[in-house]
Structures are given as C-alpha cells and as structure tokens.
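Here is a short briefing on a structure that may be new to you.

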Amino acid sequence: MKIKLVEIQNFRKLKSVRVDFSDKTTVFVGANNSGKTSAITALRHFLIDPKRFTTKDFTLSHWKKIDKIGENWVGGNNLESGLSLDASTWSEVCPAIDVWLDVDIQEVHHVRHLSPTLQWEGGLIGVRLKFVPKDLHVLRNDFVATFGNAKKLLEDAKKGDNSEVDKLKLWPTTLADYIERRLKHFERQAYLLDPAKLVNPTEGVAAPQLLSDQNEKLEMSPFEGLIKIDEVDAQRGFSDKAVSYATKETDAGDQSDSKRLSDQLRAYYKRHIDPTDAPEAEDLEALYAIQSAQEQFDAKLQVGFSSALEELSDLGYPGITDPKVTVASQIRPMDSLNHASAVQYDVSRVDEEGTGYPIRLPEQSIGLGYQNLISIVFRLMGFRDAWMQVGKAGKTPVDGSLNDYFPPLIHLVIVEEPEAHLHAQVQQVFIRQAYEVLRNHPDLGTTSPLSTQLIVSTHSSHIAHEIDFSSLRYFRRLPACTETEIPISSVSNLSEVFGPEDETSKFVARYLKATHCDLFFADAAILVEGPVERMLLPLFIRKGGYAGLRSRYITLLEIGGSHAHRLKPLFDMLHLPALVITDLDPASDKKGFPLAFPEKGKKLITRNPTLRKWVPGVECLDELLALSPAAKTLTHDNLYSVRAAYQMPVKVTVTDASEGEAIPTTFEDALIFDNLELFREMEGTGLIKKFREVIRSADNIIDLGKELRNALTGNMKAGFALDLLFLDEEETLNPPRYIGEGLNWLQTHLALTEAGMPTTKLSSAEDLEAGDAGV
C-alpha cells in the first residue's frame, strides 16, 4: 500500500494542485515562493495536527466570498442568497486535501472501512479531509449576535455626541475578522471519494471532484493504523521540532525537540535502550553493575558524612523518637547522558610507534554542516525504529498488551530543505542514502507489506540532480489574474517528461546531470551555442544595462543547436521562459546538409534542427533572415514564451570605398561585424591577432566574411573569449545585435509576467517587438 497522490485545494498559494508521490523518494523543486513549503505545511496540518490551522492558511482570494456570506447573514438574506448554510459553498473556500491510496487486493482488509463500493477489490481509495465549520447554524448565530452587539454599542455611543466614535471600528468588522479569533468553530472532517471521478490535471491545475451535501462525514479517523507520519522541518536551528503522528496523536517522545545530537541520543536511549524499562535477560548484567555501583557509592557516602551526622546528634537531634538521618544515592543511566558533552567527536591519531592518545572535541566544536547531517540522519533512524518498535519501544505495553501493536502500513517521512550548511558533495550523499536509512531493518525487505515514502523539499540543484528526474515535482509560480486576484501556484509531474524510455528523455536526463544546471529553480533560461557565448553573456548582461535580468534568477545552458530542440518537452512542462541563442548554420541542401557561404536568393536552408523543428520552425534561409522579431517567438500563453535569437544581416564598412551587408553565421563573426573598428585596432594574440590581420587586409565584405570563417577553424574559441574578458576594451565591446535583441525581449517578457502582477495577453506585434527595440 502506498500514497499515490494528493490534491490540495484552497490552501495558501495552492488553490488547486495535484502532487503525485513516487514509490520511494519524491523531491519538491521550484523557484522561491513557488508553493513548496505550502504543500509541506498542508500535509502537516491535515495529516499531523489540525490544531495548527490559522486563518492565514486559507487562500486569500476567498476571503471576499466569506465576507459576502457574512453580509448576507447580517442582512437576513440567509435563504435567498444561496450562500448561507450550504456546505458545498463553504467547500469552495475552505482548505481541503484529497489523499489517494493505491491498495493491493491482498491488503483490502486493512481499508474495508474506506471501501468506495461493496464490489471494490483493490486499486485507488480516496479520502477528502476538509477544514470546515463544525456547525453552520452555530457559526451563523454566534457571528450575527457578536456583530450585532458591536454595532449596537457604537450606535449607542454616537447618541452621546462622541465625535471620536465615528472613527472607531469594533471587532468583528467582517465574517473573516470574526473567524480569525473564533477558529474554534472549524474542524477537520473526512469524506470518501469516488475513484471513477478522478481526472488528470490540466497544465498543473487539478480538478478535484465535487461533493454534494448528501455525502456523509466519516465518523472515525480514516487513516488510523494505516499511516505514520514523521517530519524534520526547515527551522532546525530555531524551533526544530521533530513531530511524529502515528494514527492518533502527536508523539513528541519519539525524538527530542532540540537540534543537538546529545539531546536526540538521550531521547533515543530512553525509548529504545534503557535497561530499567521492561528489563530482559540481556539487561541483568547492566542492572547488577548499576546496583553494585550504587551500593559502593552509598557506603562511601556513609563514611564521608559520618562526622557531620554525629555532630548533628551532639546537638540533640535527632532524638530517640525521631527518624535517623542517612544519605543515599540514586544512579540512573539517563543522568550519565544528561550533560552538554554526552556526544563527543574522536579525533585521536596514532603515532609512529603505534600508540595513540585520546583527543575528543565536544559536539558544538564540529562544523554546522556535519552536525546538521548527523542530526537529520539520526532522526531518520529514530523515526524508523519508533515505527518498527525497536528495542524497549516494542516491550512497552500498548493498551494493556504487548501483542496488539502492528506497524502502520505506510511510513511517510517529510524533510524540509536538508541542504542547510551542507556542501554539495554531502547533499548528494544524503539524498542517495536517506531512503536506505529509513528501510534499514530486517523486516523491511523487498517483499515486506510495509511501505516507506520520503518527501523532500529543496532549493538545491545538487539534491535535485542526484535522484531520478521522474521523481521531481516542479512547483511553478502563477501571477495574479482577474480570477485569482493573488499569485498562486501549479505543480508539474516531471515523470511525464522523464518517465518514457525514449531517446529524447534519455538525452535530456543525461544532459542535465552532466551540466548540473539549476533549471528547476530559475525564473528563465538562456540556451547558448557554445563556451564563448556562455563566458561572454554575463559580461553583456552586466555591461549592457539589463538591470531587469540581473535582478532575476537566470540560468545559462550550453547546448548546441543540434540538440537544443530536444529540451522542448521539458520547457513545455516547466512553462519556463527561454531565450535560445543559436547559429544560422546555412546549408546548400538537405542531403547531408553541407555548409554553404551565406547569401540571399540562393535557395539555402539552415542545418540547425532547433530553428527547423522548434523555434521559429522555419528552414528556408531567406525566410529566416526576413522574419520579424515577433515571428521568432513562440507564445504558448501569457507566461510562457520561447524566443530564438540567431545571426541577422548587418551593415558594415570594410574600407572607405567598400560598404554593404554582411550575413554572419557564428557568434564570433557576428561579434566582429558589430565591433569592426574595435577589433581593427585591438592588440592581442591568437584569434584576436588573426581577426585584426583579416580586417586590415580585406577590401570587401565577401572576402572579409570568408577569411573570418577560415580563421575560426581549430580549437581557439574558448581562448578568444578569455582574452576578451581580460582586455580593457571589454568596456566598449558591444554584444552582437541578435543577442542584444534577444536579451531585450527576455527582459521585457519577465517584466510583463512578473509574479504578483495582473497579467494581460502579450501582444506578439506590440509588446514583444517593443522588447526587441529595447523599450
């Protein structure tokens, strides 16, 4: 049995999303403020402790509807409005989560209380947990009475000619204001769902099934005995609570609230090891040693205090009938661990003679990263052993019997942002080993009916790239619009991109792992053709006045035009704006795509698959050179567009007598044509020297273009970029015109679609061309 998926509704930024769970490890990725923490918090509130709910957990755009209900209640329009005591209306505005379990037919007896029909024989089971009013009549009556009392008090005060009363506002001003202080009227309720009505999301937005007022509320806890949930939250350095929820209530005894490993070890010792708790045969030796030590220590105390006690007797106390004073010790194993240095790190070294001497450091002397890693892993071990009742935990009677306990079938473990203080290699080790730690028990083999599912939220590309990409769930920010009024989020299941075992998905996965890019956390992406563009593009952005790009999280991907189009399914899934900087690559025909010198009117084509198959989807060279800026853009929706930037004809003056149009085909010759006078005088070696000599010797545009192409042969391009970075002329180096147009477009696009701003339909003919013009 496993958790197949959850659908979260009306919870903070998550208005309606689906999050699919992998069988083992699921990783939440996405840019900052994209909803990852909201999803973790929703799981925490609904499945661990509903008492954590606050009014801030409601999607903010719904408060207008709630206030409208309150206005109708106060106005006495309860029946006519249709918004008064209708439970389905409240379901549209209150937080909810649908939990879907995948149950094998052999496990049906564990979930018979959740069977959707009498004929059900395994498969999906769905339960909706809602945080809704307990009794709408009570809520309405209490609100109307409280609101009426406050209103009457103000009206009476105004009769006394008190001018200040007009400025006074008494609680509650609205129904939302009332609920903020009276959340006690709400509770978590559970309802069964129909598996036949489960439908797939559309572009990351879920469509949960509707429940009518006739659906009966489940009277018992739906997941009692089925799911145990443990979590390590992100605030480990502050509150750092490790909470355990095992079918009934929070079990804070599983782990210490402290982040220190010594505190966690004491809690683990008390729960699983303490020989004084339900002793067994193997504990007798330790217990005898403790008793012997206590007797010897008591004897020593009697000798040590004998003179003091005799002096008391000389004072006449105690008397004949008074009790005799004595001194006794109590040695408890827990006390030996109850100090700051209970955990130490051994850094001893062996000398040349083979002998060593102990050198130990206290816990707080070790780096934060090491402490964090050990702390998290030890918690995972504690969660696992508490689930499996290892050691003394299994000997403690449960409801009066030692034999009643059977582990919940599903162990869900949530870890928030484990990368804190950890360097890249340790992050990778953690995510590789975390699930194995949770399953390291003899009863948790491959045939075990007990399932473990690990949920990790992260901002680390190192963690994201260390696991199978099909286990990633991408959270995407959606700006405010007329319908939602506030920014919300959607969730994409990347298994739909990386799941199929075809050549494209294999290439994309291998490419992302090889380049280790941070695509899943970016606001936009720029794809470049080679290392020269990758090295110089940050210089162009920094020196070119692109403040809008410098303030956004832009990731650079170095991938040639022959492969960039393979990333199209991934970008379509992520809805990530992209600028594809690529080369024109003219060819004479499709047979072998032989390179050709660029000229108009020669029926040439491009050999670049990205231009032919993705954006702009044109292969004729003359058509590519004639496209407007808007025609080079694929606009999928208001937020997601892809723009191609490739070399275009430029006007150049070679000599005083030779002026005309040049058609560059690579980044390097386009850079030369747009900075011709600069390179004519630039001092340097390698390609810089070659370019200078070619420019000075050429007397017409055609010869200049051919000589530049000849000079670009060999492996000198990366050196050329490094030379440019260290030259004083970098201050006056202009980016090639096609790259400048592309950067302007991206800056304009991000400004128009900035999260939190109401979006309007982008005009291909106006807004995008304005961006290319640098507006």
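Helices α20 and α23 are oblique to each other, because their packing angle is about 135° and angles over 145 would be needed to count as roughly antiparallel. This is a predicted model.

**The helix pair**

- Helix α20 covers residues 667–674, and helix α23 covers residues 701–711.
- The axes of the two helices lie 10 Å apart.
- The crossing of α20 past α23 is right-handed.
- On the α20 side, the contact is made by D669, I672 and F673.
- On the α23 side, these residues meet L704, G705 and L708.
- By type, the residues of this contact are four nonpolar, one polar and one charged.

**The cavities**

- Searching the whole structure turns up two cavities of 30 Å³ or more.
- The largest cavity holds about 240 Å³ of space.
- Its lining is made up of 17 residues.
- Closest to the centre of the largest cavity are R476, R477, D523, P577 and T753.
- Strand β15, residues 472–478, gives the largest share of this lining, with four residues.
- The lining of the largest cavity counts 11 nonpolar residues, two polar and four charged.

**Question to take away**

- Which strand supplies the largest share of the lining of the largest cavity? Strand β15 does.

Key:
Residues are numbered from 1 along each chain as its sequence is written. This is a predicted model: local features need pLDDT of at least 70, side-chain atom pairs count only at pLDDT 80 or more; totals for chains, interfaces and linings use all residues. Side-chain values use heavy atoms; hydrogens and water are left out. On a 1 Å grid over the protein atoms alone, a cavity is a set of points where a 1.4 Å probe fits but cannot get out, and a pocket is an open set with protein on both sides within 12 Å along at least five of seven lines; lining residues have an atom within 4 Å of a point. Grid points are joined across faces, edges and corners, and a volume is the space filled by probe spheres set on the points. Ala, Val, Leu, Ile, Met, Phe, Trp, Tyr, Cys and Pro count as nonpolar, Asp, Glu, Lys and Arg as charged, and the others, Gly among them, as polar. Axes are lines fitted to C-alpha atoms, for helices over the stretch in contact, and angles run from 0 to 180 degrees between N-to-C directions. Angles under 35 degrees count as roughly parallel, over 145 as roughly antiparallel, 65 to 115 as roughly perpendicular and the rest as oblique. A crossing is left-handed if the near helix is turned anticlockwise from the far one by less than a right angle, and right-handed if clockwise. Contact means heavy atoms within 4.5 Å.
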